[in-house]
Amino acid sequence: MRTTLIVGNWKMNKTASEAVSFVHELVGKLPMSPTVEFVIAPPFTALESVRTVLGPSSRIGLSAQNLHWEQQGAFTGEISGPMLRDLGCTYVILGHSERRTLFGERDVDIHKKVRAALANQLRPILCIGESLNEREAGRTDAIVIGQVTAGLAGLTALEVATVTLAYEPVWAIGTGRAATTEQAVAVHQAIRACIAASWNKDTAEGLRILYGGSVTPQNAESLLTAPDIDGALVGGACLKTESFATIALAALKKHTD
């Protein structure tokens, strides 16, 4: 069985000092298990502070929320892969719907970022998802599979195996309107079939596919215990230790029931 992955995406929340207090509290609340992996993604300004609190032996991983595809250069305001590795990051979130819709990131940009992450020993969490209009037009699979194939184009099976996919229906992010478990499972199965057809069955079976989009303590158990859902990319609910810990406990049930 694939190890479940729970990622807390803080987005543009928490100062460095707030992050220190939060992580001190969070460490004591997350249930540690070999079957569930936890990762948190603070803003760039808090990465160093969070790494210090976690320490070198922490079982909670550190992720960035974005990176630039170049190693260095005249890119004011951007952050590179080497910078993130130096800060202790092991994961990076790429192609989040907010980056696509608010900042105009295109599939070609996201693909370059995936390659840059891999070149710097960072594990990409590649986000994909359709808008409400696309779902209502029956284009969910076409949109999602198109984003998957564009983001992973030209990668070897070994490289794909280090990527995590996160299905985030755009219409569910921050709206409180999550996809039903059945809707999420159907898309995850379509993604896995695409990976099997484009690479191979073993790669598809080993790939972790997360669900993101208004994951809450109330719907986490239904989503996380479903087949083909290998974890969650959590937004607002990860900003409070109690709600994130409740989601963490729900993740454990997949491996204990």
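Mentor: We begin with burial: a residue is buried under 20% relative accessible area, exposed over 50%, and partly exposed in between (1.4 Å probe, protein chains only). Helices (H or I, at least four residues) and strands (E, at least two) are DSSP runs, numbered from the N terminus. This is a predicted model, in which local features need pLDDT of at least 70 and side-chain atom pairs count only at pLDDT 80 or more, while totals for chains, interfaces and linings use all residues. Residues are numbered from 1 along each chain as its sequence is written, and side-chain values use heavy atoms, with hydrogens and water left out.

Trainee: Are the two faces of strand β4 covered or open, and which residues show this?

Mentor: In a regular strand, side chains alternate between the two faces of the sheet. In β4 (residues 91–94), Tyr91 and Ile93 on one side are buried, as are Val92 and Leu94 on the other, and both faces are covered.

Trainee: With which strand does β4 pair in the parallel sense over four bridges?

Mentor: Two strands pair if DSSP finds at least two bridges between them. The four bridges join β4 to β5 (residues 123–128), where Arg123 is the bridge partner of Tyr91. β4 also pairs in the parallel sense with β3 (residues 60–64), over two bridges, and there Ser63 stands opposite Tyr91. From β3 the chain passes through helix α3 (residues 81–86) to β4 in a right-handed β-α-β crossover. Right-handed means that, with the strands pointing away from the viewer, the path from the first strand over the helix to the second runs clockwise.

Trainee: Which residues of helix α1 are buried, and which are exposed on the other side?

Mentor: The buried residues of α1 (residues 16–27) are Ala19, Phe22, Val23 and Leu26. They lie on the same side of α1 because they cover an arc of only 100° around the axis; the arc is that of the directions from the helix axis to the C-beta atoms. Ser17, Ser21 and His24 are exposed on the other side. Contact means heavy atoms within 4.5 Å, and the cover over the buried residues of α1 includes β2 (36–41), α2 (47–54) and α12 (241–256).

Trainee: Which residues touch the most other members of the largest nonpolar core?

Mentor: A nonpolar core is a set of buried Ala, Val, Leu, Ile, Met, Phe, Trp, Tyr and Cys residues joined through side-chain atoms within 4.5 Å. The largest has 67 residues, of which Ile6, Ile40, Leu165 and Ile191 touch the most other members. Not counting residues up to four places away in sequence, Ile191 touches Ile128, Val144, Ile145, Val148, Leu165, Tyr167 and Ile209. Apart from this core lies another, of 11 residues, including Val39, Ile125, Cys127 and Ala166.

Trainee: Where does Leu122 lie, and why does Leu122 count as buried?

Mentor: Leu122 lies in the loop between α5 (107–119) and β5. Leu122 counts as buried because its relative accessibility is 2%. Neighbours within four places in sequence aside, the contacts of Leu122 include Leu67, Tyr91 and Val92.

Trainee: What is the phi of Lys11, and where is the place of Lys11?

Mentor: Its phi is near 55°, a positive value in a residue other than glycine. Lys11 is in the loop between β1 (4–9) and α1, and counts as partly exposed because its relative accessibility is 22%.

Methods
The expected span of a helix is 1.5 Å times one less than its number of residues.
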